Amino acid sequence: MLARALLDSCSQYCFVTSDFCRRMNLKEFPNHLTVKGIGGSASVSQRTVSGTVSPRFASISNSEKAMHFNVLPKLTTPLPCEGFDVSRWNLPDRIVLADPEFYQTSDIDMIIGAEYYLDLLQEERFRPSEDGPTFQNTVFGWIVSGRISKATASVQVTATTLCSTAEPQGREPLPRKQSIVAQLRDSRKSAERIFMSLERRFAASPQLKKQHLRPLESISIPRWVRFAKDSISTQ
């Protein structure tokens, strides 16, 4: 069964929706995991599943990776937040996209996190235009990531940031090296001075402020992968 997956290098774990688990009839195992994201928002996963993830076509690559996923009711809002027009993009014929409809808004079935992220990337990469996104080859096919210019997007694009940290039960605080902590005691005042200096520069130069905020006009592009039941999880 095909799943729409998002590669998220900031996520410490992999996640899948409960709806996708029902459609796949996956056997779930109990596991408590508290997931915290941007702004301290928290969700709780109480189940895990296992499965094998591969490209939507075997001709793309022979990659098959066994992965464990924490189950959540919902992972993100549909992505991209707004659809956009790619009819004028001149892409090489050799490009096989992981998700041929990446520019259309749709639900995300799973998030593949940092544990596998770098292993999925290939060496090839290119950018069709200076103000456009980057195309990166992966074991799932070519994926798209980066900023979409206002001239390309059909409507204004809203940035979606996915960054999660997990707090399993029974966690222990990280050890602290007191000599390093002592050196950081006055760092807040220095950071505040730098921040206020930057604010004054933005007030004096709106163009500079626009250049600094431009990277926020980015979107995360999902891609299609094939998900197969793992023999361990279905017995």
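Me: Why is D19 called partly exposed?
Reply: D19 has a relative accessible area of 36%, and partly exposed is the class between buried, under 20% relative accessible area, and exposed, over 50%, computed with a 1.4 Å probe on protein chains only, so D19 falls in the middle class. This is a predicted model, in which local features need pLDDT of at least 70 and side-chain atom pairs count only at pLDDT 80 or more, while totals for chains, interfaces and linings use all residues. Residues are numbered from 1 along each chain as its sequence is written, and side-chain values use heavy atoms, with hydrogens and water left out.

Me: What makes the contact of R22 with D19 a salt bridge?
Reply: The closest N and O atoms of R22 and D19 are 3.7 Å apart, and a salt bridge is defined as a side-chain nitrogen of Lys or Arg within 4 Å of a carboxyl oxygen of Asp or Glu, so the pair qualifies. Side chains of opposite charge can pair when their charged atoms come close.

Me: How are R22 and D19 placed in helix α1?
Reply: R22 and D19 are 3 residues apart in helix α1 (residues 18-24), which means that about one helical turn separates them; helices here are DSSP runs of H or I with at least four residues, strands are runs of E with at least two, and both are numbered from the N terminus.

Me: Which class of exposure does R22 belong to, and why?
Reply: R22 counts as exposed, because its relative accessibility is 58%.

Me: What makes R23 and D19 a salt bridge?
Reply: The N to O distance between the side chains of R23 and D19 is 3.1 Å, and therefore meets the same cut-off. Both residues lie in helix α1, 4 residues apart, about one turn of the helix, and R23 is partly exposed at 41% relative accessible area. D19, R22, R23 and D109 are linked in a network of salt bridges.

Me: Why is N62 called exposed?
Reply: N62 has a relative accessible area of 75%, and therefore passes the limit for exposed; N62 lies in the loop between β4 (42-54) and β5 (65-72).
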